[in-house]
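Student: Could you walk me through this model, starting with how its helices pack?
Tutor: Gladly; have a look at it first, and then we can go through it piece by piece.

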Amino acid sequence: MNFVGACPPPQASESVSPSVSDFLQSIPPARATRLRERLERELPRLRRCLDPLYGQTPCFDSFFDTVVLNALASAERRDAELWQLDLRREADPAWHQRGLSGYCTYVDKLAGTLAGVQQRIGYLRELGVNYLHLLPFLKAGSAPNDGGFAVASFDEVEPALGTLADLRSLCRALRQSDISLCSDFVLNHVSHEHAWARAARAGDPRYLPYFHWLASEAEVQAREQHLVQIFPATAPGNFTWIAERQAWVWTTFYPYQWDLNYAHPAVFADMAAALLNLANQGVDAFRLDSTGFLWKRAETNCMNQPEVHLIVQALRSLCAIAAPGVLLKAEAIMPTQDLPPYFGLGPVAGPECHLAYHSSLMAASWVALTEESPQLIEEVLRNTPELPVGASWLSYVRCHDDIGWNVLRPELLALGADPVARLDRAAAFLAGETPGSYARGARFQASAPGTVHGSNGMTAALVGLRPDLPADHPEQQKALRRLELMMSLCFFVGGLPLIYMGDELGQDNTSAAEMHARQGADGRELHRPYLDEKSLASRHQAATVAAHAFSLLQRLNRQRRARLSLGGPIRLQVLASRHPGLLVLQRNQEVGLFNFSATPCRLHLSELGKPALQNLSQEESQTVASVHLEGHGCVWLGA
Ligand code: OTU
């Protein structure tokens with residue numbers, strides 16, 4: 001998109017422009033009426049976001065008009081079924097807060113192709129999930145491409161995975177099964193093979209400003225001083241030398257992932273168009289990848305800048321016009337204290353994301369397991385704000401990334417701990433380096449001494465499940481309890497719990513042979529195995545690990561929907577207990593007990609000032625006045 005040329009006269013700030021008005025007159029009245037209503041509400045919001053970002057650029061009004069017209073054209077093209085779905089969701093904005101639970105996977109790892117995923121819908125239903133997050137499936141740059149997180153075209157599916165027609169067919173089939181599809185939207189960067197990057201590399205003046213260019217080594221050094229390293233071992237530095245341009249381009253992640261320059265209005269317009277186009281294929285939710293990095297400011301770490309929120313709120317507003325049934329999910333792997341703005345609770349107030357990953361809670365759960373103490377979870381939960389109506393946390397145990405430790409630094413500092421030393425102990429435990437550790441994970445990107453980065457591994461390996469032992473072996477039973485503890489906490493606290501593919505079968509790490517075959521790849525491949533057909537087949541075979549894990553997750557899905565109060569905001573409170581290993585949480589009306597210690601304990605509910613409660617973790621609930629928890633045992637209780 002190009003915004004150079006003669007500018008039309010400026011418009012009164014919140015009126016509908018003549019071109020918008022012409023457009024509305026040209027489409028069927030039913031849609032036009034509804035769109036007029038949406039514009040009335042959203043245009044002032046959109047202007048409040050875009051004006052501070054781009055108001056100073058020439059032809060701002062023409063840019064604004066183009067963005068709005070594009071959203072309207074997208075709304076007009078939206079197929080009847082999606083249009084109707086939007087209307088239902090507009091009338092019921094809490095639709096996603098009544099018992100969504102999700103499953104996350106790479107397309108190829110679960111089923112080869114998008115068409116293969118469609119064949120697995122029955123499996124997802126059997127597991128009991130109704131939200132499917134597929135990791136990037138758009139056309140990627142040639143390998144390595146960070147598992148698809150280097151997008152070469154937003155308008156095409158990766159040919160090895162299928163076509164846009166397959167995507168539409170999958171979306172339709174999922175909808176018929178009441179499963180929402182979440183797609184990644186990699187908005188911070190594109191592959192160096194994307195047409196915009198190719199054109200910029202060749203010096204095309206239209207696309208040069210799509211990226212951030214630094215002309216001198218001194219500038220690079222000045223920036224680097226303030227920036228973090230996402231992949232210090234495999235992709236050190238944030239800039240990549242481009243010989244053709246005799247300049248450095250900004251590459252926060254891998255050198256082949258070029259950060260987009262959102263200070264350039266055409267980038268925003270093109271990315272908004274790409275998002276709405278994908279929404280029109282039937283995608284229900286977007287995971288906004290690396291949301292925190294969208295805006296650069298000198299002398300800052302270029303994370304979580306206020307402009308990020310203007311950009312995301314503007315995208316939300318465009319969705320509210322053209323695809324109001326769509327959810328936005330922030331992937332901002334940041335300390336808890338930095339997350340409220342992603343829900344629109346920051347200085348830039350306004351509707352923003354419906355969902356955000358609670359990565360501190362996830363990481364703190366792993367620390368708690370290694371320390372046999374829930375102290376850090378308690379601290380994280382104390383810092384976790386209540387969310388606005390219509391917003392929820394995404395909770396998870398594992399995902400395709402490492403467990404990033406540094407998000408926990410503020411909480412550790414508040415507790416007076418030496419963050420690096422304490423996180424390093426957790427990382428050592430999970431890597432099986434600590435004497436007596438049951439875990440079989442690995443450190444990720446551990447670089448200089450005195451630093452700690454992340455940990456890799458599938459849940460099964462991290463909780464100590466062993467592929468060489470039968471499920472009824474006492475050590476496996478212990479590991480299965482640890483698996484249940486982690487999963488049960490995730491299902492208890494979150495608005496949207498997300499299961500990572502393979503965890504539902506207690507699947508092990510990627511095999512050593514496979515790791516070897518994926519030569520040169522980064523360490524996160526350890527937890528990116530293909531779905532194990534053998535485990536899949538044995539999920540109904542009693543006394544297998546797969547059957548234990550699968551029935552556990554089925555039960556958690558069922559019990560969460562049937563037994564927990566869903567629908568409204570979730571109020572989480574940490575209750576005190578005299579057992580140092582025991583986490584006691586109150587979630588609205590329910591109480592969750594999670595024993596992070598390997599030592600059993602007994603809790604009388606009177607100690608919590610509670611009457612006898614129903615045990616919600618059994619198929620037939622029973623009233624109990626006291627609870628015995630085994631080592632790493634857990635239970636949900638309710639009135
Ligand atoms: C995201 O991750 C994705 O989840 C990763 O798979 C991608 O590699 C990355 O973006 C680039 O697209 O910083 O806030 O393991 O937690 O890279 C987002 C490190 C991110 C990830 C980190 C991450």
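**Helix packing, barrel and buried residues**

Tutor: Helix α2 (residues 29-54) packs with helix α12 (residues 306-322) at an angle of about 165°, their axes being 9 Å apart. That makes α2 roughly antiparallel to α12, where angles under 35 degrees count as roughly parallel, over 145 as roughly antiparallel, 65 to 115 as roughly perpendicular and the rest as oblique. Please keep in mind that this is a predicted model, in which local features need pLDDT of at least 70 and side-chain atom pairs count only at pLDDT 80 or more, while totals for chains, interfaces and linings use all residues. Residues are numbered from 1 along each chain as its sequence is written, and side-chain values use heavy atoms, with hydrogens and water left out.

Student: How are the helices and axes defined here?
Tutor: Helices (H or I, at least four residues) and strands (E, at least two) are DSSP runs, numbered from the N terminus. Axes are lines fitted to C-alpha atoms, for helices over the stretch in contact, and angles run from 0 to 180 degrees between N-to-C directions.

Student: Which residues of α2 and α12 meet?
Tutor: Among them are Leu 35, Leu 39, Leu 46 and Leu 53 in α2, and Leu 310, Ile 311, Leu 318 and Ile 321 in α12, with contact meaning heavy atoms within 4.5 Å. The residues of this contact divide into 13 nonpolar, two polar and six charged; Ala, Val, Leu, Ile, Met, Phe, Trp, Tyr, Cys and Pro count as nonpolar, Asp, Glu, Lys and Arg as charged, and the others, Gly among them, as polar.

Student: Switching to strands, in what order do the eight close into a barrel?
Tutor: The order is β1-β2-β5-β11-β12-β13-β14-β18, with parallel pairing, and two strands pair if DSSP finds at least two bridges between them. From one strand to the next, the twist averages 25°. Helix α18 (residues 474-493) packs on the sheet, where it touches β14 (392-396) and β18 (496-500), and its direction makes about 150° with that of β18.

Student: How many bridges join β1 to β2?
Tutor: Four bridges join β1 (residues 102-105) to β2 (residues 131-134), and Cys 104 stands opposite His 133 in β2.

Student: What about Tyr 396, buried or exposed?
Tutor: Tyr 396, which lies in strand β14, counts as buried at 6% relative accessibility, given that buried means under 20% relative accessible area, exposed over 50%, and partly exposed in between (1.4 Å probe, protein chains only). Leaving out residues up to four places away in sequence, Tyr 396 touches Ile 333, Tyr 357, His 358, Ser 359, Met 362, Cys 490 and Leu 498.

Student: And where does Glu 331 lie?
Tutor: Glu 331 lies in the loop between β12 (327-330) and β13 (355-357), and at 7% relative accessibility Glu 331 counts as buried. Beyond four places in sequence, the residues that Glu 331 touches include Arg 287, Asp 289, Tyr 357 and Asp 401.

Student: Back to α18 for a second, what is the relative accessible area of Gln 476?
Tutor: Gln 476, which lies in helix α18, is buried with a relative accessible area of 0%.

Student: Last one: which strands stand at the edges of the open sheet?
Tutor: Three strands form that sheet in the order β7-β9-β8, with antiparallel pairing. The edges are β7 (213-214) and β8 (239-242), each with a single partner strand, so one side of each is left without a neighbour in the sheet.
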